[in-house]
Each structure stands twice: as structure tokens, then as C-alpha cells.
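Hi,

Here is the structure I promised to send over.

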Amino acid sequence: MASEGKNGSIQALRFVFVMMIFMSHFSYRGFTTFEAGGDCGVAFFFLLSGFALSMGYGRSISEGTFNLKRYVRRRLTKVYPLHLLTLALFLVIFRPEINQRLPLNALLLQSWVPDDSYYFSYNGVSWFLSSLLFSYLLFPLAYRHANRRTLTVALIICAIVYIVVPYSQVNALLYVFPPVRFIDFFLGIMLYKFCAGRQPVTTWWAEIVLVLLLILALAVYPFTDAKLRNAPLYWLVLLPFIYVFIQQRGPLSACLQWRVFQWLGSLSMPVFMLHPIVFRTLFHFFPAIPTGTMLALCFITTILLSWATDRLLLKYVMNNTRT
């Protein structure tokens, strides 16, 4: 499969989608946030995580050589150091009230509490790591049993949940709750199994078509039912989107191979975790500068801090947990 090994297109697209999330949180002097991009970006990363882990570990699971202890250690090392660093920065800079929410947040258990004062506590975006960690830990079992039957059952359960959940609980139970977000992750696993062993069938123009369809999905977001726009709206576009770009056969993929995009893609997780802290800090100290200037300042500051974090923390930790 064309996706085996490091994939430059997907690496660069990580940055594109994290910037959608970035813009969904940029609320300054009346600037309208890009809300549709936030939900789209989150759905993309859950789908991609299931696909990427399947690409990295699927063969060893199938062949019986999978090392569970090493896998768990690497997953925990991937999420906790960055989370604890950004949590510490938040506590030091903003000095919020310390209460019973802190231990849950520190342990990445906050997404299990259906109360936004818990799952959005402190550095609010860390709810994503809380939900993603559940998917990480469930992955080895899920991959072994991922087939059409389990997919059908999962989608039926998902449909029932989406029907019975009241609109007042959409954020808590459909957007954040780990078992529900696992559906996105599981769809990424199924996409990998669909792709595995198949010859690429895409054409050069498929990338452009999928980008246009993604833009269309973003455009209809405001008119879509609140239950559906958290993720299902984007599944029908993002699944073929990942499949097409993983082949690296089109003109957009050629551009995504540029070194600057690869570098920015490598910073996607620090950007995700740091940008709310940067926003809040700069909004406080510079409340009156022009919106365009503030946006540029936030972007540059976030990139520089993400680069420093990547250099000083993430790469050091990962290099010391490869054995």
C-alpha cells in the first residue's frame, strides 16, 4: 500500500487541520471564529489516529509479535509529558482556582465527566487527549476484531446514541465523551484495513475533488443538525480524503512534500496544546492592536513555542522510550 512508512502528504495535512482548530478558537475584537473548522479538525485527527496506528502496528498484531508493554509506554509518553507541561504553564500563568477538577485533568480523565466545567477545565483542549487516550488503550483489542460485522454493530450503536442524546448534552456526550469519539478512531482502523493490500486506484484530479467536497462540507456546517456536525457530517468526506491523499499521486500532494510543510506538520500536537494559552496571554497584554496583527502575532508565537517544545521535550522523551 502506498501509505506504508512515513507519508509526507498526511504529515503536512496535520498542520492544515490543526490550523482549522487554531482558527476556530481565535476570537478577538468581534472576529468570527471558524467553528466549522474546529469540529472538522478534531474529526480528522481521530480518524487519522486510528489509521496511523493501524499502519504502524497492524502487521505485528496480526502476526502475533505485538509488544503491548512497549506500545502502552509509547502512547502514554506521547500524551502525558506535553499535557503536563501545558497544564503547568496554564497554572503558572493564569493562577486559576485549584479544586477537585485538577487531579482529573492531570490524569486525563476529565472527558468522562459530562460537565463542561470538568472536560473543558484548565487548558480546555486537553479534553482531546483524554478521549484519544481511551482510543489508544483500546486499539490493540479493536484492531483484532475490526471487521464488517463489528463496524455494523458500532454504527448501529452510534446511531442509537445520536438519536437518544438530548441536544443539551451534545457537547458532553457526542463531542467529548471517549466511547463516542472512539467511533471516529475505529473508522480510521477500518479505512486502513480497506486500503491494505489494494493497489492505488486514484487519479491526479481526485485530490482536488476531495478538497472541494471538504469545502462544501464546511460551508453547509451552519445549516446541519447540531448532533451531526460534530463528526458524521465530515466522515463521508474525510475518509475518502485520507484514502486519496495517502496515495500521494496528485498535484496537491506534490506541494505538501515541501520541507516547510513537513516541518510545520511535525509541530501539530504542540500547536494544538499551546495555542489557547498563547491566545489568552496575548489577548490580555495587547487588547487593542488590529485583528490581523494579533492573528499574525498569535501564529508566530505559537509556532516558535511549539518548535521549542518539540525540541526540548517531545523528541527527548520519545528518543528515550524507543526500546
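In H1, Ile10, Leu13, Arg14, Phe17, Val18, Met20, Ile21 and Ser24 meet a run of H2 residues, including Glu35, Gly38, Phe44, Phe45, Leu48 and Ala52. Contact here means heavy atoms within 4.5 Å, and helices are DSSP runs of H or I with at least four residues, strands runs of E with at least two, numbered from the N terminus. By class, that contact divides into twelve nonpolar, four polar and two charged residues (Ala, Val, Leu, Ile, Met, Phe, Trp, Tyr, Cys and Pro count as nonpolar, Asp, Glu, Lys and Arg as charged, and the others, Gly among them, as polar). The H1 and H2 axes are 7 Å apart, at an angle of about 150°; axes are lines fitted to C-alpha atoms, for helices over the stretch in contact, and angles run from 0 to 180 degrees between N-to-C directions. H1 and H2 cross left-handed (the near helix turned anticlockwise from the far one by less than a right angle; clockwise would be right-handed).

Before going further: this is a predicted model, with local features needing pLDDT of at least 70 and side-chain atom pairs counting only at pLDDT 80 or more, while totals for chains, interfaces and linings use all residues. Residues are numbered from 1 along each chain as its sequence is written, and side-chain values use heavy atoms, with hydrogens and water left out.

Now H9. Helix H6 (residues 127-144) packs on H9 at an angle of about 50°, with the axes 9 Å apart, which means that H6 is oblique to H9 (under 35 degrees counts as roughly parallel, over 145 as roughly antiparallel, 65 to 115 as roughly perpendicular and the rest as oblique). The H6 and H9 crossing is right-handed. Among the residues meeting there are Trp127, Phe134, Phe139 and Tyr143 from H6, and Pro178, Phe182, Phe185 and Tyr192 from H9. The contact of H6 with H9 has 15 nonpolar, two polar and two charged residues.

H9 (residues 178-195) also packs against H11 (residues 232-246), at about 40° and with axes 11 Å apart, so H9 is oblique to H11. H9 passes H11 in a right-handed crossing. On the H9 side are Ile183, Asp184, Leu187, Leu191, Phe194 and Cys195, which meet Trp235, Leu239, Ile242 and Tyr243 of H11. That contact has nine nonpolar residues, one charged and no polar.

What about the largest nonpolar core? It has 97 residues, and Phe17, Phe128, Phe139, Leu214, Tyr234 and Leu238 have the most contacts inside it. A nonpolar core is a set of buried Ala, Val, Leu, Ile, Met, Phe, Trp, Tyr and Cys residues joined through side-chain atoms within 4.5 Å; buried is under 20% relative accessible area, exposed over 50% and partly exposed in between, with a 1.4 Å probe and protein chains only. Helix H2 (residues 35-63) gives this core its largest share, 14 residues. Another core lies apart from it, with six residues, Leu87 and Phe90 among them.

Most residues other than glycine have a negative phi. Arginine 95, in the loop between H3 (68-94) and H4 (101-106), has a positive phi of about 50° and is exposed at 73% relative accessible area. Glutamine 248 sits in the loop between H11 and H12 (251-256); its phi is near 55°, and at 32% relative accessibility glutamine 248 is partly exposed.

Cheers
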